[in-house]
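Here are my notes for your read-through. Please keep the structure open beside them.

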Amino acid sequence: MGVYIKNNSFDQLLTELSRDYIITAPVKLPGKGAFSDTPLVTYREIRGAGEIEFNEKSRFSPKEIIYPITQTLFYFTENEYSRPAVPDQGIIIFCRACDVHAFRRLDEIFLRNGGCEDIYFAELRKKVKFFVMECRESFENCFCVSMGTNRLEDYDVMLRVSGDAQECDARGDFAGIFTGYGEAVEMIPRFVEENHTKVTVPENIDRQVFKHPLWEEYSSRCIACGHCTVSCPTCTCFTMQDIFYEDNPKCGERRRVWASCMIDGFTSMVGGHGFRNEKGDRMRFKVMHKIYDFRKRFGYNMCVGCGRCDDVCPEYISFANCINRVNTIASGVSAHE
Amino acid sequence: MNNAYLPFKAAITGVMPQTASDYTYRLATDLDVRPGQFMEVSIPGVGEAPISVSDFGSGWIEMTIRNVGRLTGVIHELKPGGHFFIRGPYGHGFPLEEFTGRDLIIAAGGTGLAPVKSILSRHCSGQGRLKSLTLLAGFKTPSDMLFKDEISAWREKIDVQITVDKIDENSSPWDGSTGLITGLITKVPVQNPGNTRVIIVGPPVMMKFSALEFLKRDIARENIWVSFERKMCCGLGKCGHCKIDDTYVCLEGPVFNYTRAEELID
Ligand code: SF4
Ligand code: SF4
Ligand code: FES
């Protein structure tokens, strides 16, 4: 259902929706960026439409809304366990086409892999409604067209900024609610059809590519900071962490916290032994997961081409570039960056 | 919806010290376990870690736990009557049906003896359906030897050969061999390579060289199984720590046929 809604009415619409939904969107936080005077675009719960950053790509992905950086799995006392409460409301996420595709990847791991549903993820995931902000044109480092994640069928609402108004295509229950705030128009979603950055993901990756000297170069460049994995909308790994309370050590909580395969200790076992000590091997592990082994297991690539890893790397290591180098090597030609 | 992360309390009914740092814990539980599977063991507030089941029977399981960190340190303080928490079992164990009527050789390095102990104890108490069983085991020093009493009993029934890397001053008296376990593999009698099946469990380097040695003894790749040890935070295919290529060790392992294991590049 296409609806044209003036910005002040859109704000009132969000006020109405906030009775039943937690509304989350990218917001611009001044001075919180990578360099002290630059802004940071990140996800927050919002109160009004004015807070939403429609024009820039967010540095962090929306995955943290339902898969928080630190999540309490249960609290315990001497005799019982209890789980943190799950909110009653639904969750609206303002995001981009590629972000919705990324949620499908998270679903694959948390809801299906191993035949077991992760209850913490599942309960929040059911509540999510996607309000997708059209990308008027590709942002820097985006390569969604190459990954086939630029287009989208399954959104709840599609939004296009149009002067001082929003053109919306609202579906399901939202169609009725949206109509009350504007006039009916025809709204056919438009998607980015070209990115400046293009990648070619090789169909088959021979085991020789795993051992190629290409990876050694990353051993000297990468500083194992993990920014690329933290910003990635499809990274799912976590580590368990137990804490107890100072005033009563018999009470505490078990949490999970995001983990990164790029950071030291990801594979270390108590007693010392670990794998992939070289950063180049970690880069290989990460890249292969995103463009090769996830696909072998689930039938489609994990990477959605949002380019956030390239936005955030302090060493200017380009993931997109790496994919293309792997492609060149996989097709039997030697690559030079 | 079932919460797969929630552990349950298991009462300790016995603690059997094996070495200064390895204790075997017997827990009261009705879990249905297969040799080679593992549990997530935890103490809330301290931590959680994967530990392989070393033996099991009706109403109990045993795990042999080495004191190497904070969690295992706290567990080592526990006595019968105490408890810790477990969830599982996880993973695929050894494919016992493949071993029926076969000559099975087990090569175990150090604590690698724990995950195969239940195969040995079953066979030696007449429950197995193997044609024969041979145990080759390697430890750092004589004092690192696990399951000493059981090994003496097994010797009555099967061929057991033990080697140690070195004999240090604190060692118990030693009349066995010294040197790497690969030395035992070169000499172990193999009557009929085609009917022989092999299990190798131990540190990565030990498993790699042991497998190469068995290949030289004309054991086919597909007749060798290994068990991997990895960091595993969930056991459910979610946390990602155990993944190698498209394989999740917690789901498809920890036991792998060698034809698959040799393809896995960490
Ligand atoms: S990757 Fe494509 S869909 Fe995602 S933000 Fe960039 S242009 Fe938009
Ligand atoms: S952001 Fe760059 S430097 Fe940091 S871990 Fe990732 S590739 Fe390495
Ligand atoms: S142990 Fe978590 S994915 Fe295997």
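**Notes on the chain B and chain A model**

1. Chain B and chain A bury about 3,900 Å² between them. Of that area, 58% is on carbon and sulfur atoms. Bear in mind that this is a predicted model.

2. The contact draws 50 residues from chain A and 42 residues from chain B.

3. Between chain B and chain A, 24 residue pairs are in polar contact, counting pairs with both residues at pLDDT 80 or more. Several elements of chain B give two or more residues to the side that touches chain A: strands β3 (38-43), β4 (47-57), β6 (83-90) and β14 (247-248), and helix α6 (249-252). The residues on that side of chain B are 19 nonpolar, nine polar and 14 charged.

4. Now the charged pairs. Side chains of opposite charge can pair when their charged atoms come close. Six salt bridges are found across the interface of chain B and chain A. A:K296 and B:D246 meet through their side chains in a salt bridge, at 3.8 Å from N to O. The count over all chains is 38 salt bridges.

5. A salt bridge within chain A deserves a look. A:R282 pairs with A:D264, and their closest N and O atoms are 2.8 Å apart. This pair links distant parts of the chain, 18 residues apart. A:R282 sits in helix α9, while A:D264 is in the loop between β12 (248-258) and α9.

6. Next, helix packing in chain A. How do the axes of α7 (residues 214-221) and α9 (residues 279-298) cross? They come within 6 Å and cross at roughly 115°. The crossing of α7(A) and α9(A) is right-handed. From α7(A), A:W215, A:Y218 and A:S219 meet a set of α9(A) residues, including A:M283, A:V287 and A:M288. The residues of this contact are five nonpolar, two polar and two charged.

7. Finally, the backbone. Most residues other than glycine have a negative phi, and most peptide bonds are trans. A:R276 is not a glycine, yet has a positive phi of about 55°. A:R276 lies in the loop between β12 and α9 of chain A.

8. Chain B has cis peptide bonds to check. One joins B:G88 and B:P89, with omega about 0°. B:P89 is in strand β6 of chain B. Another cis bond joins B:G253 and B:P254, again with omega about 0°. B:P254 falls in the loop between α6 and β15 (255-257) of chain B.

How values were computed: Residues are numbered from 1 along each chain as its sequence is written. Chains are lettered from A and ligands numbered from 1 in the order in which they are written. This is a predicted model: local features need pLDDT of at least 70, side-chain atom pairs count only at pLDDT 80 or more; totals for chains, interfaces and linings use all residues. Side-chain values use heavy atoms; hydrogens and water are left out. Axes are lines fitted to C-alpha atoms, for helices over the stretch in contact, and angles run from 0 to 180 degrees between N-to-C directions. Helices (H or I, at least four residues) and strands (E, at least two) are DSSP runs, numbered from the N terminus. A crossing is left-handed if the near helix is turned anticlockwise from the far one by less than a right angle, and right-handed if clockwise. Contact means heavy atoms within 4.5 Å. Ala, Val, Leu, Ile, Met, Phe, Trp, Tyr, Cys and Pro count as nonpolar, Asp, Glu, Lys and Arg as charged, and the others, Gly among them, as polar. Buried area is the accessible area (1.4 Å probe) that two parts lose on being put together, summed over both. A salt bridge is a side-chain nitrogen of Lys or Arg within 4 Å of a carboxyl oxygen of Asp or Glu. A polar contact is a pair of N or O atoms within 3.5 Å; within protein, one must be able to donate a hydrogen and the other to accept it, and residues adjacent in sequence count only if both atoms are side-chain atoms.
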